[in-house]
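Thanks for coming. I will go through one structure today, from the overall fold down to a few single residues. Please have a look at it first.

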Amino acid sequence: MKLAIATTAAALAFGVTAASAASWTFEDVDTNSDGTLTMQEVETAYPGIDQVQFGTFDANGDQVIDEGEFASLKQNMDANSTSKDDT
Ligand SMILES: [Ca+2]
Ligand SMILES: [Ca+2]
């Protein structure tokens, strides 16, 4: 029984890590393919993001995330979710 629980927990932890670290591409997130990501589009890929974080990654302040901004957003969000799973 103990072993079964541990195995399930390990499988769950692994599954969550794999899912949250899923490799989103800019094209995946840009659902309307206009070349920029709105808060709504980013939320689809990263439901945990809030307006403050979004603003942090919107380096040029135009209220949308472009491909360059998305690269650092993705790196940061993936790093965060990985470290959260590890602890
Ligand atoms: Ca878009
Ligand atoms: Ca921007």
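How many helices and how many strands does the protein have? There are five helices and zero strands. Helices here are DSSP runs of H or I with at least four residues, strands are runs of E with at least two, and both are numbered from the N terminus. Read from the N terminus, the order is α-α-α-α-α.

Some bookkeeping. This is a predicted model, where local features need pLDDT of at least 70, side-chain atom pairs count only at pLDDT 80 or more, and totals for chains, interfaces and linings use all residues. Residues are numbered from 1 along each chain as its sequence is written, while chains are lettered from A and ligands numbered from 1 in the order in which they are written.

Now confidence. pLDDT is the predictor's confidence in each residue, on a scale from 0 to 100. Its mean over the protein is 82, and 68% of the residues reach 70 or more. Over residues 15-19 pLDDT stays under 50, and the model has three contacts beyond four places in sequence for them. A contact means that two C-beta atoms, placed from the backbone, lie within 7 Å. Where pLDDT is low, the predicted coordinates should not be read in detail.

Next, burial. A residue is buried if 20 or more other C-beta atoms lie within 10 Å of its own, exposed if 12 or fewer, and partly exposed in between, again with C-beta atoms placed from the backbone. Of the 87 residues in the protein, 13% are buried.

Which residues form the largest nonpolar core? Such a core is a set of buried Ala, Val, Leu, Ile, Met, Phe, Trp, Tyr and Cys residues joined through C-beta atoms within 7 Å. The largest one has eight members: Leu37, Val42, Ala45, Phe54, Ile65, Phe70, Leu73 and Met77. The most come from α5, which gives three. In soluble globular proteins, nonpolar side chains tend to be buried together. Take Phe70: setting aside neighbours within four places in sequence, Phe70 is in contact with Phe26, Val29, Leu37 and Ile65.

Now the loops. Ser23 sits between α1 (2-20) and α2 (26-29). Is Ser23 buried or exposed? Ser23 is exposed, because it has 7 C-beta neighbours inside 10 Å. From Ser23 to Lys74 is 51 residues in sequence, but 8.7 Å in space, C-alpha to C-alpha.

Between α2 and α3 we find Asp30. Why does Asp30 count as buried? Because 21 other C-beta atoms lie within 10 Å of Asp30. Not counting residues up to four places away in sequence, Asp30 touches Gly35, Leu37 and Glu41. Ser33 is in the loop between α2 and α3 too, and Ser33 is exposed, with 7 C-beta neighbours inside 10 Å.

The phi of Ser33 is positive, near 50°. Gln63, in the loop between α4 (51-57) and α5, has a positive phi near 70°. Most residues other than glycine have a negative phi, and most peptide bonds are trans. Gln63 is exposed, since 11 other C-beta atoms lie within 10 Å.

Last, Tyr46, in the loop between α3 and α4. Tyr46 is partly exposed, with 19 other C-beta atoms within 10 Å.
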